[in-house]
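Visitor: Could you give me a close look at a single part of this model? I'd like to see how one spot sits in its surroundings, and then how the rest compares.

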Amino acid sequence: MSAVPADALVARETGAARFQKLFRTTAFKLSLAYLAIFALCAFLALGYVAWNARAVLDDQIVSTIDAEINGLSEQYNAGGLRRLITVVERRSREPGASLYLVTTAGGDHVVGNVGYVPAAVLATPGQTETRYGRNESDAEAHQAIVRVFTLPGGFRLLVGRDTEERDRLRAVIGRAFLTSLAAVVLLGVIGGWLAASRVLRRVDAMTQTTRAIMAGDLDDRLPVAGNGDELDRLASSLNLMLERIGELMRGMREVSDNIAHDLKTPLTRLRNRADEALRRASTPEELRAALEAVIDEGDGLIRVFNALLMIARLEAGSAREMLGPLDIGQTVRSVGELYEAVAEDQGLTLAVRAQDDLSIAGNRELIGQALANLIDNALKYGAESAGAEASVTLEAWRDGETIRLAVSDHGPGIPEAERARVLGRFVRLEDARSRPGFGLGLSLVNAVVRLHHGTLRLFDNAPGLRVEIGLPASPRPQTEAGDILPAPASGDPVPASPSRAS
């Protein structure tokens with residue numbers, strides 16, 4: 001007995017496993033369910049047709065018998081029993097004639113084309129369906145619907161119609177019924193197999209892609225057929241999710257690298273100051289000064305980690321329950337008042353222009369922190385440029401269904417190619433590394449804006465930088481008639497959308 005090659009066994013096992021997996025798919029099970037429902041509907045429909053066809057044929061047979069009986073009744077009334085016998089004898093010889101039989105009270109055959117009928121049928125007047133024979137040799141070989149009458153003198157009259165045509169039509173309908181059901185089942189199974197195979201191929205492709213992603217290939221994406229079906233929509237959604245996960249993973253790697261580089265310097269400075277205090281400080285005042293310097297460095301590091309934790313919390317959406325009705329115009333004016341003195345100390349002016357009735361669903365502390373970060377950056381980098389006004393502008397206005405906030409300065413600005421990158425954590429441009437900071441300000445602002453379902457965009461202020469935030473506005477209050485209440489009069493008007501280069 002020859003051995004079967006191992007490759008053939010593997011292929012056979014793989015085919016059998018795929019066949020079993022095919023029958024376990026949801027698509028195949030749904031196809032079988034639809035097939036069962038459709039087969040049941042076809043069975044009921046064909047059964048209804050067959051039942052109605054038989055009822056129609058039975059009605060036609062009964063109508064024919066009634067017509068025959070009416071004619072014979074007229075002959076009997078005109079000439080009595082003798083004439084009835086004569087008419088029955090003549091009609092019995094006609095091709096395709098109905099069934100006729102006249103017997104005596106004892107059941108003896110008098111005239112007719114029926115050779116045998118059960119005695120119980122003749123003894124019971126009325127309509128019935130029975131077996132009969134054309135003669136004694138084929139007794140009960142045929143089926144007919146008959147009606148029996150009792151005549152004077154005990155004579156019996158039987159009039160009927162053979163049901164052969166009806167039975168033949170029933171057989172034809174029965175064969176069509178079975179053939180149709182068999183075709184429905186066969187085509188349903190084939191269609192279910194094809195549909196399940198197609199779905200299974202796409203699911204297997206998705207499975208292979210997900211395994212590749214789990215193995216570390218984060219750039220791989222689920223295949224999209226392009227026909228817009230539910231699998232395409234699922235694949236597109238998962239691809240967006242994978243893209244977001246990839247961004248977060250890249251962000252984590254960048255954060256790890258940036259932490260290693262940017263926090264190494266303050267940690268090294270902290271250690272060196274502590275070491276210098278141990279080696280050189282000889283008086284309590286020197287030790288106190290060294291400890292204060294160490295505490296300042298520690299506080300700076302704590303602020304960095306607090307900012308990182310806040311950014312992570314905002315990006316996770318865990319602070320969304322803190323959102324509520326907020327008049328952002330009042331928040332803008334409050335933040336502006338806090339920073340007016342700081343701006344004056346640095347030789348700058350801070351101009352605040354905010355409309356009234358700027359309601360959003362937000363968090364006052366988070367919005368205030370975001371604006372404070374933007375103003376800090378503007379004051380830090382907004383030194384007077386050649387021929388430019390040494391000022392920082394804070395604006396808030398309504399633009400349709402959007403509340404816009406903008407902070408503008410006249411500093412060096414940010415090149416257009418770097419505006420997307422500076423929103424990441426620990427990202428600092430080369431000309432900003434000499435200034436204090438860790439590059440978390442814009443990242444925190446971006447996280448706050450995303451929590452509020454807003455947008456953050458950077459523009460050229462010619463010269464300087466303009467940072468603009470767009471937040472969805474809350475619906476304005478309405479009167480009983482449905483008219484929007486007029487907003488309170490504002491102070492300085494704010495342009496709806498200043499022209500700027502992106």
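Guide: Helices here are DSSP runs of H or I at least four residues long, numbered from the N terminus. With that in hand, take Asp232, which is found in helix 5, residues 230-262. Keep in mind that this is a predicted model. Is Asp232 buried or exposed? Asp232 counts as buried because its relative accessibility is 4%, and buried means under 20%. As for its neighbours, leaving aside residues up to four places away in sequence, Asp232 touches Arg202, Val224, Ala225, Gly226 and Asn227.

Now hop over to helix 8, which spans residues 328-345 and holds Glu337.

Leu194 belongs to helix 4, residues 164-214. With a relative accessible area of 48%, Leu194 is partly exposed.

Zooming out, the protein has 10 helices and 12 strands. Of its 502 residues, 36% are buried, and Asp232 is one of the buried residues. The protein exposes about 29,300 Å², with carbon and sulfur atoms supplying 57% of that area. And if you count contacts with a separation of 6 or more, 61% of them link residues 24 or more positions apart.

Definitions and conventions:
Residues are numbered from 1 along each chain as its sequence is written. This is a predicted model: local features need pLDDT of at least 70, side-chain atom pairs count only at pLDDT 80 or more; totals for chains, interfaces and linings use all residues. Side-chain values use heavy atoms; hydrogens and water are left out. Helices (H or I, at least four residues) and strands (E, at least two) are DSSP runs, numbered from the N terminus. Buried means under 20% relative accessible area, exposed over 50%, partly exposed in between (1.4 Å probe, protein chains only). Contact means heavy atoms within 4.5 Å. Accessible areas come from the Shrake-Rupley method with a 1.4 Å probe; for residues, only the protein chains shown count as cover.
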